Amino acid sequence: MNSIEIKKDFIINGEKIKIVSGAVHYFRIVEEYWGYALDRLKEVGCNTVETYIPWNYHETNEGKYDFESYGHDISKFIEAAAKRNLFVILRPSPYICAEWEFGGLPFWLLEKNCKIRSSDPLFIEYVERYFDILLPKLKKYQWTENGPVIMMQLENEYGSYGNDKEYLSEILRIMRKHIDVPIFTSDGAWDEALTAGFLSGENIFPTGNFGSKATDNVNNLVEFMGNNAIEAPVMCMEFWDGWFNRWNEKIIRRNPEELKNAVEEMYNLGSLNLYMFQGGTNFGFMNGCSARGTNDLHQITSYDYDAVLTEWGDTTEKFELLQSVFSQQEKVAVNENHPKKAFEEVEYIGAAALFQNLEQVSKVSKNKWPLSMEKLNQGYGYIVYKSNIGKKRHVDKVRIIEASDRAKVYVNNEEVATQYKKEIGTELSLDLPYEKDNELAILVENMGRVNYGSKLLAPTQRKGIRGGVMLDLHFHSEWTHYSVDLEKSSQLDYEQTSVTGPAFYKFEVNVDCPADTFIDCRNWGKGCVLVNGFNLGRFWEVGPTGYLYVPAPLLKAGINEIIVFETEGKFNTQLKFSNKPVYIEIGEKE
């Protein structure tokens with residue numbers, strides 16, 4: 001049987017091993033490309049792959065577990081790593097951050113009246129129920145059972161959130177029911193964070209997260225371990241080689257030569273995990289959100305991260321430079337970068353206006369007052385609130401009370417206003433033209449929940465309308481809710497040649513041989529794109545990205561269905577593809 005010991009070094013089967021790892025998130029890369037990313041990881045000189053396991057990816061809806069559908073089979077990913085003789089580090093903690101929606105926590109926890117990331121018995125109950133499904137699936141892949149998994153994470157940067165040691169003890173208890181490989185914590189490499197986030201115990205050790213000043217950070221980590229009588233290897237669990245990006249902000253880049261020097265410094269001091277090796281894509285609605293004071297700053301669809309491989313898997317200058325640092329590691333021959341193509345045989349089929357098709361694409365429910373998405377068991381995407389507001393008149397004051405994240409207001413399907421962030425709650429005035437039965441509709445988009453920091457349980461994490469809608473000085477009652485299900489959009493009749501307002505647009509692209517491609521979104525306003533039913537993610541004209549990446553495995557030879565859902569009324573019968581990513585220039589902020 002294999003063995004692993006945590007001493008001053010990692011002792012694996014009796015040998016000292018330096019862990020040289022790279023982060024590859026299986027949930028951000030189509031599964032046909034997992035092997036390619038792992039091959040590239042070995043080629044650069046790594047001996048280990050690391051990945052988070054997001055709870056909300058596998059238990060999106062309470063009690064319904066998915067470890068089998070496309071992209072969700074974590075076992076297949078682990079086996080692909082084992083096939084390439086890579087060690088595996090798993091981070092299955094309830095919370096992962098990762099610039100992932102709600103930090104990986106399922107949305108339905110917001111309706112459970114429990115304090116997340118704490119020893120609250122109700123939260124522990126939900127974690128244990130999930131772990132008792134997940135961890136038995138991982139058990140056989142442990143190094144101690146002749147699998148590739150050498151260690152797992154307890155909690156993620158908990159020292160930057162709490163210091164509830166009872167909570168950490170409960171997570172450890174649950175994990176040790178199934179797992180016997182070493183368990184680690186990962187925190188910022190300063191004393192306050194390390195002290196708050198660490199749990200002492202057998203076969204548990206601390207690691208640090210940072211992306212520069214390795215000597216200073218390692219000294220802090222070593223001092224912490226010395227002060228607490230911890231014998232463990234020095235490891236940076238997240239050596240940040242780039243950074244994530246947000247809408248309407250310039251893309252962040254890191255100088256490759258400077259990175260090489262910083263990584264080399266850490267490599268000479270101990271083990272490390274490059275975060276990220278390949279960032280991938282926040283497919284669907286799974287992007288996270290940063291919080292700055294009262295302001296929420298939503299992250300873009302691309303999780304390119306300026307990583308060692310691009311979002312679409314191409315090697316970069318960083319790849320070549322880091323390969324020279326890890327040169328003593330094993331090299332393997334791999335494929336070239338994925339082929340790219342700008343497809344040209346695109347036919348516009350037609351459009352379908354959202355408001356004329358709400359019944360067909362939505363789950364419909366009625367209530368006296370507007371309900372949040374969570375109360376309607378809707379986690380993500382869009383919701384429409386509709387109500388009859390009566391006779392012809394001028395309404396001087398209309399306010400949406402407590403809503404997130406972006407609201408578009410319509411009277412009789414004509415747009416009146418768009419409110420976002422600080423505008424929500426400000427007064428509107430409405431002119432109601434019909435003698436009777438004027439209809440107010442409000443389209444609200446959940447743009448992604450905060451994934452890090454003190455706002456994890458803020459009221460704004462609940463999406464849609466939380467408070468209500470006021471006409472004059474009273475709350476208006478009698479509302480119909482339409483929880484939009486984009487998967488139903490393929491069933492619509494696309495008979496209209498042109499539409500106004502939010503709408504679905506159908507295109508067909510004829511593909512001779514599938515290849516990676518990029519949809520040019522620069523002539524659209526805001527929305528998302530489905531390719532053969534797969535949600536690529538969001539686009540937005542504010543930039544900085546002007547594309548959505550389409551991996552070749554999502555296409556098929558022959559006719560492919562592309563549906564664009566666009567909310568700003570920027571009608572366009574053109575859908576253009578590119579063989580490279582396109583960007584939108586961001587001006588200087590005032």
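Which helix or strand gives the largest share of the lining of the largest pocket? That share, three residues, comes from H2.

## Basis of the model

The model is predicted, with local features requiring pLDDT of at least 70 and side-chain atom pairs counted only at pLDDT 80 or more, whereas totals for chains, interfaces and linings use all residues. Residues are numbered from 1 along each chain as its sequence is written, and side-chain values use heavy atoms, with hydrogens and water left out.

## The largest pocket

A pocket here is an open set of points on a 1 Å grid over the protein atoms alone, where a 1.4 Å probe fits and protein lies on both sides within 12 Å along at least five of seven lines; lining residues have an atom within 4 Å of a point. The largest pocket holds about 1300 Å³ of space, a volume being the space filled by probe spheres set on the points, which are joined across faces, edges and corners.

Its lining has 41 residues, and Thr60, Phe285, Met286, Tyr380 and Glu487 lie nearest the centre. At least two lining residues come from each of helix H2 (55-58), strand E16 (381-390), strand E24 (479-484) and strand E28 (534-540), where helices (H or I, at least four residues) and strands (E, at least two) are DSSP runs numbered from the N terminus. By class, 18 of the lining residues are nonpolar, 15 polar and eight charged; Ala, Val, Leu, Ile, Met, Phe, Trp, Tyr, Cys and Pro count as nonpolar, Asp, Glu, Lys and Arg as charged, and the others, Gly among them, as polar.

## The nonpolar cores

A nonpolar core is a set of buried Ala, Val, Leu, Ile, Met, Phe, Trp, Tyr and Cys residues joined through side-chain atoms within 4.5 Å, and buried means under 20% relative accessible area with a 1.4 Å probe and protein chains only. The largest such core has 171 residues, and Leu354, Phe504 and Ile519 have the most contacts inside it. Helix H4 (residues 121-139) gives the most to this core, with nine residues. A second, separate core of 24 residues includes Ile383, Tyr385, Val395 and Val444.

## Helix H1

Helix H1 (residues 34-44) is mostly covered, with ten of its eleven residues buried, among them Trp34, Tyr36, Arg40 and Lys42. These buried residues pack against strand E4 (20-24), strand E5 (48-52), helix H3 (74-83), strand E11 (271-278) and helix H9 (317-325). After H1 comes glycine 45, whose phi is positive, near 115 degrees.

Definitions and conventions: Buried means under 20% relative accessible area, exposed over 50%, partly exposed in between (1.4 Å probe, protein chains only). Contact means heavy atoms within 4.5 Å.
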